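Here is a protein model to be read through its definitions. Each question asks what a term rests on, and each answer sets a value against the rule.

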Amino acid sequence: MSNSKINQTLIDTLQNRNNMSKERSKLQVAADNIASLVSQTNGKINELGYYTYCLNNVLIIIQKQFDKIRNVSDETKRKYELAKEVRLAWKQQVDKIVHDYNSATKVELSTGAAGTSFGVGVAALGPTAAMSIATTFGVASTGTAISTLSGAAATKAALAWLGGGALATGGGGMAGGTALLALAGPVGLSIAGVALLGSGLMLWITKSEKDRLEEVFTHIIERDENKYKLAIVEIEERIKRIIDETAKLNDAIVDIGSFGIDYENMTEKQQYNLGAYVNFMNSSSQLLVNPIMGLQPNYTEEELDAFFSSNEVEAEYLLKKDLVVYFANLLYSIETDEKDRKLLTKSFKGNKQFREQMKLEKKDIDFELFNIVDRALEFSYNK
């Protein structure tokens, strides 16, 4: 089942419960709000992909103009090459995301999992969508080393984003086990809701336990509401800047075309303007690679490694790094006590749908896992 469908399952379940009560619960109100924000955010991410596509094309044109100019000063050439490297590294990452996603899709189809993972009629990931992902989650600004999208993380980010319903057409969807990663967003949210409402747990726990679990998940959703609101504003500001700078680059293309192709034969003003355009290219290239900070994870694998190196942890949990990071992001800034962690263990351990979605067995989820998550978060807070 795709995460967009899981989100709908969460909403439908809450609506059914609402029909049985006179008042909407705080959790239901929060879930409705976050579903709307997720949809808005994914729409903005798609829009961002279109404008980065346009910016990339303009940068290609202006870079080709610079390639033709002879006798450019070493300093100007160095700056120009840096801007070019940043864009090329970003484009390479876009191509890798497309390749990895399409390869993963073929694997799912070959194993007969398309009905539950990728949905019906899902199309291959297009370059504009891949540009959305690369720009949203970012690459290193140097253009040499890939940051948050290194290695397998690129595929995970693409699948997680698409699984959250980011593609308005084609259905999206993903194999949940692939998304076991430290991305805040629809993936973590939907599974959190299913863990609470989809397992039948609510039928046999006490009212006080039920109320407390609802309170915990309400806090999780309310925390993410703030992240999405900030992310939407951030993406909108990025889009406005990209539109503005794309227009200015188009004007620069026309202007540079009148300079000729020999730097030494240009007027002093033309040489000055050419240098200014190079600086502007550098600035514009960063709009491709700088991540949307509001959508970055609260807790990273690097933070967990620091915790592991400073604390004694049983070996089996060292092999569950992805799971620890996932729950650390889910519970980031959420206060829990021992009783809460026992309830969370019971909830996730007893939820067959969650385990299947994340490709986990019952033995993978235990009370000590949540204790380690709590310790890891405290370690991070106190740094």
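**Terms and values in a predicted model**

Thr345 lies in helix α12, which covers residues 338-349. This is a predicted model, in which local features need pLDDT of at least 70 and side-chain atom pairs count only at pLDDT 80 or more, while totals for chains, interfaces and linings use all residues. Residues are numbered from 1 along each chain as its sequence is written, and side-chain values use heavy atoms, with hydrogens and water left out.

Q: Why is Thr345 called buried?
A: Buried means under 20% relative accessible area, exposed over 50% and partly exposed in between, with a 1.4 Å probe and protein chains only. Thr345 has a relative accessible area of 8%, and therefore it counts as buried.

Q: What does Thr345 touch, not counting residues up to four places away in sequence?
A: With contact taken as heavy atoms within 4.5 Å, Thr345 touches Gly350, Ile365, Asp366, Phe367 and Phe370.

Q: Which backbone oxygen does the side chain of Thr345 reach, and what makes this a polar contact?
A: A polar contact is a pair of N or O atoms within 3.5 Å; within protein, one must be able to donate a hydrogen and the other to accept it, and residues adjacent in sequence count only if both atoms are side-chain atoms. The side chain of Thr345 reaches the backbone oxygen of Arg341 at 2.7 Å, and that distance is within the limit of 3.5 Å.

Q: What makes up the secondary structure of the chain?
A: Helices (H or I, at least four residues) and strands (E, at least two) are DSSP runs, numbered from the N terminus. By that rule the chain comes to 14 helices and zero strands.

Q: Why is α4 described as largely enclosed by the rest of the structure?
A: Nine of the eleven residues of α4 are buried, and so this helix is largely enclosed by the rest of the structure. The buried residues include Ala129, Met131, Ile133 and Phe137. Just after α4, Gly138 takes a positive phi of about 85°.

Q: Where is Thr135, and is Thr135 buried or exposed?
A: Thr135 is placed in helix α4, residues 127-137, and its relative accessible area of 0% makes Thr135 buried. Leaving aside neighbours within four places in sequence, its contacts include Leu48, Arg238 and Pro291. Thr135 and Pro291 are 156 residues apart in sequence, yet their C-alpha atoms are 5.9 Å apart in space.

Q: Which polar contacts does the side chain of Thr135 make?
A: One joins the side chains of Thr135 and Trp90 at 3.4 Å, and the side chain of Thr135 also reaches the backbone oxygen of Leu288 at 3.4 Å.

Q: Where does Ser284 lie, and which side chain does Ser284 meet in a polar contact?
A: Ser284 lies in helix α8, residues 268-289, and its side chain makes a polar contact of 2.6 Å with the side chain of Glu245. Ser284 is buried, because its relative accessible area is 0%.

Q: Why is the pair of Phe327 and Phe370 called tilted?
A: The ring centres of Phe327 and Phe370 are 4.8 Å apart and the planes stand at 50°, so the pair is tilted. The pair links distant parts of the chain, with Phe327 in helix α11 (residues 321-330) and Phe370 in helix α14, 43 residues apart. Phe327 is buried at 0% relative accessible area, and Phe370 counts as buried at 1%.

Q: How confident is the predictor in the chain?
A: pLDDT is the predictor's confidence in each residue, from 0 to 100. The mean pLDDT of the chain is 76, and 70% of its residues reach 70 or more.

Technical notes
Phe/Tyr/Trp six-rings, centres within 6.5 Å; stacked < 30°, edge-to-face > 60°.
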